[in-house]
Amino acid sequence: MTTQYLGKIGSSVLGVVLAGMCLGNVAKAGDLIVYTAVEPEELTGFAKAFEATNPDIKIKWVRDSTGIMTAKLLAEGKNTRADIIWGLAATSLLLLKDAGILEPYAPKGVEKLDKLFVDGDSPPSWVGQRAWIASICVNTVEAKAKNLPIPKSWADLTKPVYKGHIVMPNPASSGTGFLDVSSWLQMWGEEKAWKFMDDLHKNIGVYTHSGSKPCKMAGKGEFPIGVSFAYKGAQLKAKGAPVLTVAPTEGVGWDLESFALVKGAKNAAAAKKFADWSVTRETNVIYNQAYAVVAYPGVAKPVKFFPADLSKKMIKNDFLWAAKNRKRILAEWKKRYDSKSLPKKK
Amino acid sequence: MTALDQPRSLIPGPLSTLQRIRNLGTESWIMLAGIVSLCAALLALLVMPLYSLLSKAVEDDKGAFVGLANFQEYFSSAGLVQSIGNSLTIAGLTMVIACVLAFIFAYGITRSCMPFKRTFRALATIPILAPSLLPAISLIYLLGNQGMIKGLLFGETIYGPIGIMIGMIFYIFPHVLMIMVTALSTTDARLYEAAEVLGAGPVRIFFTVTIPGAIYGIVSAAVIAFTLTITDFGVPKVIGGQYNVLATDIYKQVIGQQNFSMGAVVGLVLLLPAMFSFVIDRHVKKKQVALLSARAVPYHPKPHKVRDRALLAFCVLMSLFLIGILGTAAFASLVTFWPYDLSLTLAHYDFDAVDPNGWSSFYNSLKMASFTAVVGVVVIFLGAYFVEKGRGFGRLRSGFHMLAMLPMAVPGLVLGLAYIFFFSRPENPLSVMYSTMTILVLCTIVHFYTVSHLTMLTALKQIDKEFESVSASLKVPFYKTMLRVHVPICLPTISEVMMYLFVNAMTTVSAVVFIYSPDTKLAAISVLNMDDVGDTAEASAMAMIIVLTSVTAKLLHGLIMKSFTARHSAWRQRTG
Amino acid sequence: MPFLEIVEITKKFGEFTALDKVSLQVHEGELVCFLGPSGCGKTTLLRAIAGLDIQTSGHIFQRGKEISNLPPTERDFGIVFQSYALFPNLTVEKNVGYGLVSNKMGRKAVGERVAELLDMVGLPDSGSKYPAALSGGQQQRVALARALATSPGMLLLDEPLSALDAKVRVRLRHEIKELQRQLGVTTVMVTHDQEEALSMADRIVVMNDGVIEQVGTPTEIYREPDSLFVANFVGEMNQLSGVAAGPHTVQLGTATLSSQSHGLETGTKGIVSIRPEDVIPHGPGARSPGAPDELSDIQNAFDGTIQEMEFLGSYWRARITGGLLDGDSLIADFSMNAVRRMSLAEGKTIKIELPSDRLRLFLGDDKGPEA
């Protein structure tokens with residue numbers, strides 16, 4: 001009896017203290033919590049543009065790499081705090097659709113978008129925004145200094161001359177890394193693709209956490225060649241880095257940055273407004289500032305410093321296959337390459 | 001009626017617990033409530049989360065009990081087991097190198113007549129002010145493939161064990177040095193006189209007097225070095241490349257793959273060496289106390305040209321290393337585009353351009369660190385006061401003391417992980433704190449509790465233990481005396497503990513990396529994220545902001561303490 | 001009605017029994033000293049009276065009111081510790097007035113009372129100083145003033161003089177005693193210094209191993225110790241092996257000497273005790289010269305040889321062997337006067353008298369702790 005009494009006193013004291021401390025920290029009702037994998041430097045611009053037309057809504061970004069966002073959402077499941085998932089790979093959204101987390105919704109004006117960019121169901125569970133496309137970033141200054149030829153194809157990257165000079169994103173954490181691996185498997189079939197990755201692995205300096213880092217490292221010459229995506233290379237070139245963005249001859253993988261509503265979202269109304277805004281022509285114009293291929297037909301203008309023929313080299317990407325096989329591919333990849341110091345398995 | 005006439009048979013013999021509790025005075029109730037709340041707080045914020053971690057390790061991802069299956073899976077995966085070997089190798093080597101370097105440095109400070117001893121000592125505290133990510137980032141600029149002095153590596157890569165070790169040596173140096181300096185200062189000069197009179201040469205004296213005299217300190221320093229290295233996550237995350245260690249494994253399992261059960265398993269594996277080190281350290285500390293004699297005569301080194309010059313040269317080199325690392329980060333944050341455009345710019349400090357939570361993460365850190373310092377010091381002072389000065393409730397008090405020692409043995413990553421498991425459960429009423437600033441503050445206080453608690457305890461131990469008795473006899477409640485007497489006397493220690501909490505809260509990554517939310521992202525985590533996406537210059541800039549904040553806080557603290565001591569502490573000087 | 005009554009107090013620390021059913025009465029206005037070696041339980045008893053360490057069992061009554069389980073704040077006492085326990089960050093005035101402020105006295109009244117107290121302990125001008133600026137003796141006076149400030153019914157002194165220099169200690173001894181008499185405050189003092197206890201106490205409580213050995217006035221304790229322990233602990237005491245020869249006689253070696261009544265059965269082995277200063281030398285110069293017959297008439301005497309003599313300032317200490325002593329040695333203190341008159345010197349054999357009213361026999365075959 002006494003212990004109970006004491007326990008009560010203790011916990012009520014603790015409770016009062018904690019409650020006092022919590023007060024200032026509860027998220028405001030008007031906040032829209034957006035889970036995203038879009039490059040962080042773009043987010044402020046998007047938020048400003050949206051909030052200009054919807055001043056009563058404030059966006060709270062939760063940003064991480066594609067792989068991590070995907071894992072986070074899968075783990076959080078229906079308890080997720082996200083109101084909307086925005087700018088995540090379509091492959092990932094397919095997984096989340098299977099997991100029953102997504103709320104189908106047809107944003108106002110979605111019919112104007114290219115059909116290929118939108119989920120086939122009606123109403124669609126996810127809507128594509130723009131395509132991000134694999135590319136190779138090459139530091140021309142360092143390549144020259146180290147006597148490295150500019151690689152033209154994926155196959156070139158396995159040449160011994162590049163040993164230790166290549167960085168690539170880890171497909172388990174990075175969406176770009178995954179679309180590379182997925183595209184190689186789709187283009188060449190399992191056997192040839194894994195053989196290629198075995199050879200590539202010998203030349204890799206480090207695997208990075210995010211998909212943009214290889215290109216940034218290439219830009220600084222830390223590693224002269226980075227397997228990354230086109231936007232990053234072009235952006236760095238624009239900033240003055242000696243980066244050449246190469247679209248390999250065999251074809252390039254790509255994925256759609258897409259959005260989807262979340263079931264049981266606390267702020268569903270705001271999420272819908274954000275979805276409606278995301279399919280407008282004006283917003284697609286903003287997408288185009290960085291990406292060459294966007295969902296709204298007729299908006300896309302060529303982006304400076306992009307490889308000229310990039311969109312032609314985009315492979316026929318089977319998102320469904322990629323989503324279904326994602327877990328298996330990542331497990332195999334991890335087994336083969338996760339620890340560089342491990343003896344390689346044949 | 002005399003006392004003897006009273007019916008004593010009604011109150012026979014010893015009192016039951018219940019009777020004792022009924023007999024408690026108001027003050028005892030206040031004290032009891034205080035101790036019980038503190039115990040409850042540490043149970044809820046430390047023991048129960050750790051228990052959740054433990055139970056998570058024996059569950060599958062759906063929450064069903066699977067016994068040791070996760071452990072089996074862990075030990076059958078070659079990559080993960082390899083990490084154990086890697087972690088032990090790195091921690092072992094770093095421990096040896098750091099201890100040797102710190103010993104020589106400390107030897108120079110305590111046992112030589114070289115100049116600038118105070119300066120060296122101050123310089124050696126630089127790493128404390130920075131997050132552990134900073135040395136790793138700097139090393140990439142110095143020794144990476146485009147590094148300024150990469151020739152020193154003779155073709156080896158910095159991305160891997162070499163980088164981790166150099167980064168760790170920078171990061172743990174001040175901690176190891178502090179213990180070494182203490183160990184070498186507390187020697188008895190008479191031992192040296194005796195050895196010299198007996199005709200022992202300097203080498204023999206070194207091995208028969210110096211080393212044995214400092215041995216407990218050396219062991220203690222080694223243990224700290226080992227634990228800090230094996231549990232740190234910032235350095236291997238940034239520069240480890242494909243060289244996996246336990247700390248990065250936890251991060252990968254939990255953040256990268258959201259595989260919480262496996263994360264819990266790795267967490268428990270990481271808990272073992274930390275616990276082991278903790279036990280050794282406690283054991284050694286006990287022995288060390290017995291070794292010190294109150295009548296020891298302090299050692300005063302005599303000038304010795306060769307030795308002094310050699311030690312001076314060493315200390316200069318070591319200081320250059322420390323300053324060099326910090327300087328590189330500062331430089332990296334100011335260069336427009338390394339290594340092609342070396343013009344200077346402040347553009348990288350415009351964090352909002354690369355991260356929507358850029359500057360706000362810094363303000364969050366400031367807020368978190370201030371709350372941690374203020375709330376932490378109050379709780380820690382009360383806890384130490386109850387343990388040292390409390391009356392009655394002996395078992396509760398010693399129980400609380402044991403709880404307070406526990407955080408030392410729990411690595412930050414493990415604590416953070418345990419917090420996810422415990423606080424994210426919707427059925428836990430405390431889950432209202434999840435993803436708030438509150439949980440970051442509480443987690444950080446718990447993370448750094450032990451050292452603060454011990455420091456406070458030492459200060460309180462020096463206060464006459466009869467103050468409470470005097471106060472009670474004068475019918476002044478204990479809390480009044482605590483506020484009027486103990487707090488003013490402990491003020492230097494209180495402010496030191498606040499400083500310690502503030503700086504650590506500014507720089508820590510390991511525990512909070514699992515429990516921050518978009519609203520409560522911290523500066524040190526921004527450093528991590530910015531480095532992750534390749535914005536290294538911005539990461540350096542944010543790390544520098546953290547360093548500058550720590551330095552500013554330290555300087556302010558020094559100034560305030562100085563003026564305060566001048567005005568309010570006349571009693572500290574002996575005037576008569 | 002006794003002012004303070006202690007009934008069968010027992011205090012255990014785990015397995016260790018610090019106090020074993022101790023009972024005691026203290027009367028109003030008297031100064032009682034708890035005397036004993038360290039670890040005898042005297043401080044534990046004081047702390048139980050203060051309520052600082054509550055006893056395991058037993059009762060304490062103050063003015064007939066049971067206070068056994070009251071917290072210290074609800075008891076009526078002032079306390080002074082060996083360490084002074086002055087608050088270093090408060091001035092002397094604030095220290096002395098510490099208990100008055102919470103008493104809801106007006107500021108002015110507090111100031112007056114503090115001045116009065118400081119005057120009383122002879123430190124009228126030190127009010128604004130900090131404790132660190134005072135000497136040890138001055139600090140202890142401040143502590144005393146602080147303890148007396150609230151006019152407590154009882155004053156508890158825990159080894160108050162132990163931390164002081166010998167000379168200061170002697171002076172403060174008198175001052176405290178004086179003050180205590182003047183104020184008439186019932187006082188309990190703990191000390192391990194027998195001289196302090198003998199010179200200050202109205203009554204002494206000698207304690208050993210958690211029990212009271214004897215309670216009595218200083219002269220009773222000194223002259224009529226109830227036990228070998230008390231005999232030994234207070235003052236110097238010779239201890240010689242002996243046997244009870246009758247109710248008033250002891251056998252020492254071959255001789256039977258008359259002694260104080262000892263209550264031991266005839267034939268019981270024991271320890272014969274006598275204080276060195278009670279040993280009387282006889283010989284030429286001791287009485288009227290040239291009366292050798294008278295020497296043989298002296299009761300309770302034997303021939304002994306002075307083995308060593310040690311000069312101790314105001315008297316000589318001699319070690320005597322031979323005669324009845326059977327290998328034991330007897331320590332005797334001789335006045336300067338006696339040594340001169342009888343020309344006592346090492347090697348000399350003289351007649352030694354052990355006066356029967358000073359000779360006691362105690363049970364026990366070991367010789368107890370050295371005092």
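Two strands pair if DSSP finds at least two bridges between them; strands (E, at least two residues) and helices (H or I, at least four) are DSSP runs, numbered from the N terminus. This is a predicted model, in which local features need pLDDT of at least 70, side-chain atom pairs count only at pLDDT 80 or more, and totals for chains, interfaces and linings use all residues. Residues are numbered from 1 along each chain as its sequence is written.

**Exercise 1.** Which strands of the six-stranded open sheet in chain C stand at the edges?

*Solution.* Step 1: write down the strand order of this sheet, 6-7-8-3-9-10, with mixed pairing. Step 2: look for strands with a single partner. Strand 6 (78–81) and strand 10 (211–216) of chain C each have one, so one side of each lacks a neighbour in the sheet.

**Exercise 2.** How many bridges join strand 3 to strand 9 of chain C?

*Solution.* Step 1: locate strand 3 at residues 31–35 and strand 9 at residues 203–208 of chain C. Step 2: four bridges join these strands, which run parallel. Step 3: take one position, C:L35, which stands opposite C:V206 in strand 9 of chain C.

**Exercise 3.** Describe the interface of chain A and chain B.

*Solution.* Step 1: the contact (heavy atoms within 4.5 Å) takes 53 residues from chain A and 57 residues from chain B. Step 2: the rule finds four salt bridges across the interface, a salt bridge being a side-chain nitrogen of Lys or Arg within 4 Å of a carboxyl oxygen of Asp or Glu. Step 3: A:K213 and B:D531 form a salt bridge through their side chains, at 3.4 Å from N to O.

Terms used:
Chains lettered and ligands numbered in written order. Heavy atoms only, no water.
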